[in-house]
Amino acid sequence: MELDFLIQLLVNGFIIGLLYGVVAMAFVLIYKSSLVVNFAQGEFLLVGAWACWWLLAKFSLPFYLAFLFTLVFMTIFGILIQVIILRPLIGEPIISIIMVTIGLSIFFQAMMNWMFGVFVEPFPRIFNNESVNLLGLQVQTVYIMSGLISLFIMISFAIFFKKSRLGLAMRATAFDQQAAQSLGVSVKQVFSAAWGISAVVSAVAGIVFGIVNGISSGIAFMGIKVFPAVILGGLDSVLGAILGGLVIGLLEHLAHYLDVQYLNIGNMMRIAPFYALLIILMIKPYGFFGTKDIERV
Amino acid sequence: MSLKKFRPCGDYRTSYSNDMSMFEDKGGFYLTLIGILFLLISPFLFDSYIISLLIYIGFYGIAALGLNILVGCTGQISVGHAVFFGFGAFASAWLSNKFLVPVWMAIPVAATMTAFVGLIFGIPAARVKGLYLAIATLAAQFIMEDFFSRAAWFTGGVDGASAEPMKIFNFYFDTDEKYFYVVLFWLIVSFIMVTNLMRTRDGRAFLAVRDHYLSAEMMGINLMKYRILSFGISSFFAGLGGALYGHYLNFVSIEEFNIQLSIFFLAMIIIGGLGSIRGSLMGAAFMVLLPELMDFLTRSLSDTSIDQILSLSSAIPFIKEASIGLVIILFLIFEPNGLAYRWGQIRAWFKLYPFSY
């Protein structure tokens, strides 16, 4: 029984961890290309999930259409936020940039609560089977779907950055903005593209999360959970973000297991990642794959 | 983070005593004096609702002042100020309930306790800075919140803690009008303390650490000491504000000191002006009055067609919250130096009239 419970938790942790990895990747994408720490990442998930839910519930569109419309909407949304709000703040001190994303996060959270209410809304059912039997374990279908979608996003990210022209431009900008600009890369376009892609990826994660747990403002907490993951992996490493997300997902479920079985203190699942975050910051502030800041005077 | 000039061009300070003066000019001194006198008689002028708003501005202003030392003057971003505010409130209630410390004494003692907790949570500042420090304080926020809900001996757990009203020699400060003077006293004391701090070596060391930490270190400033000290001092004022808050409401619950409150404090100093002492108070006043203004606007729109379409009256809490976010964004884009800078501009305009330079 206990072992079963542990394995079940680990499988859940792995899949949630993949989702964290996806959100962390979206976060790192923005940080790497435009050096903005996005405290509103969670709200991107929230806005995407609510948009999809709205299309499904109000217009009874088929799922794939609603999904596509949401992606288009989120691309525009991400680009608009970059152009209208973040662009005037280029070159401002770090506190201004942090605060503006915090302001965005408060604003959108309040607006979403206003428009869609504060209660959890379940997604319309998409799969017929609740769960499938996988090697003797009952795994919910939505979990498998979420794992597959996460893997798909990660692979397409890798291909995008390796093969496409825009991906190359983004890598160049992340490496050295001035050099990229002097070689004809439009840094403005790269910034907007980064925000657009990040918003889309977050929206997908938000929809998946909404299908698994129902949509509520709790989804936005993913945006905070992302910090332990990205710090663990290093703020500017995509690979690190994925691994960090996985580790944090497993860690919180392990903490939950220990908590339920032995410690009985409760709430460990929520708090354990933050203890991990503090410890990592004290030992290895740039994470396992991040580049160390070297300052020239 | 460059400090914008709050005074018109030309340096009028011709002696060392001028340089060390608390006020820029005589006008500033008289304006402050008039302001304090006006506040002293205000309980006789206004009804208790306005007085309660002034009390809120008072203790939020003290806490924002503390945060401004940390963020504005030392350049260390903290997203966990609310937990220190909460710690002060709980510590003061705990001292007066468990050890029967009289409340007037419990308030400063609680503030000192909070300062020590702040020193502990400032230790990461010795190692990380900037963005990483902001994320570390974010973690501290959640860990301390968890501690509040867990430590029933200290906070009363989910039931919260009750805090006695303040009394000195059988004189109870139980109404808003009486408590107002307590808050005003501590507000003035804190502002004098911080103004003095910024005139000393320590205060200037903070500014040096903010402006360029490597140069500061080369000038012989102990970086680690000042970074951690700044956390301690900032937590002292947070704890002071929190203790005053606890004894005002007579009840402290564990749910109030969440990240929203931390952001609220950050918003105060952004709007007031980073690194400006009077800006902290202006920002606190702005942020306390903003929800009231939104309330008023929504009410004045009631029963119009806009109200019916958007069902505004049921959405007041969301409108208040959204307005906070919106105001932060708008201030950062259009007025990044805050209200204190604007105030300085207005003063300068009057001082230099009719020649604008």
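1. A residue is buried if 20 or more other C-beta atoms lie within 10 Å of its own, exposed if 12 or fewer, and partly exposed in between, with C-beta atoms placed from the backbone. With 9 C-beta neighbours inside 10 Å, Leu100(B) counts as exposed. The phi angle of Leu100(B) is near 55°, a positive value in a residue other than glycine. Leu100(B) belongs to the loop between helix H4 (81–98) and helix H5 (103–121) of chain B; helices (H or I, at least four residues) and strands (E, at least two) are DSSP runs, numbered from the N terminus.

2. The structure is a predicted model, in which local features need pLDDT of at least 70 and side-chain atom pairs count only at pLDDT 80 or more, while totals for chains, interfaces and linings use all residues. Residues are numbered from 1 along each chain as its sequence is written, and chains are lettered from A and ligands numbered from 1 in the order in which they are written.

3. Chain A holds eleven helices and two strands. Read from the N terminus, its elements follow the order α-α-α-α-β-β-α-α-α-α-α-α-α. The C-alpha atoms of chain A fill a box of roughly 60 × 50 × 35 Å along the principal axes. A compact globule of 297 residues would have a radius of gyration near 19 Å, and chain A agrees with 19 Å; this radius is taken over C-alpha atoms, and the globule rule is 2.2 Å times the number of residues to the power 0.38. Of the 297 residues of chain A, 49% count as buried. Among contacts in chain A with a separation of 6 or more, 75% are between residues 24 or more positions apart; two residues are in contact if their C-beta atoms, placed from the backbone, lie within 7 Å.

4. Chain B comprises 16 helices and four strands. Its radius of gyration is 21 Å, close to the 21 Å that the globule rule gives for 357 residues, so chain B is as compact as a globular protein of that length. Its C-alpha atoms occupy a box of roughly 55 × 55 × 45 Å, taken along the principal axes. Buried residues make up 44% of the 357 residues of chain B. Of the contacts in chain B between residues at least 6 apart in sequence, 78% join residues at least 24 apart.

5. The contact between the chains takes 33 residues from chain B and 33 residues from chain A. On the side of chain B that touches chain A, helix H6 (131–150), helix H12 (259–272) and helix H15 (316–334) of chain B each supply at least two residues. That side of chain B divides into 28 nonpolar, two polar and three charged residues. Here Ala, Val, Leu, Ile, Met, Phe, Trp, Tyr, Cys and Pro count as nonpolar, Asp, Glu, Lys and Arg as charged, and the others, Gly among them, as polar.

6. H12(B) and H15(B) pack at an angle of about 35°, with their axes 10 Å apart. Axes are lines fitted to C-alpha atoms, for helices over the stretch in contact, and angles run from 0 to 180 degrees between N-to-C directions. Ala267(B), Ile270(B) and Ile271(B) of H12(B) meet Ile324(B), Val327(B), Ile328(B), Phe331(B) and Leu332(B) of H15(B). By class, this contact has eight nonpolar, no polar and no charged residues.

7. In chain A, the axes of helix H1 (residues 2–34) and helix H5 (residues 141–163) come within 9 Å and cross at roughly 35°. The contact of H1(A) with H5(A) has nine nonpolar, four polar and no charged residues. Among the residues involved are Leu18(A) and Val22(A) in H1(A), and Ser150(A) and Phe157(A) in H5(A).

8. Leu35(A) lies in the loop between H1 and helix H2 (41–59) of chain A. Although not a glycine, Leu35(A) has a positive phi of about 55°. Leu35(A) is partly exposed, with 16 other C-beta atoms within 10 Å.

9. Leu119(B) is placed in helix H5 of chain B and is partly exposed, with 16 other C-beta atoms within 10 Å. The C-alpha atoms of Leu119(B) and Gly232(B) are separated by 4.6 Å, although the two are 113 residues apart along the chain. Leaving aside neighbours within four places in sequence, Leu119(B) is in contact with Ile228(B), Phe231(B) and Gly232(B).
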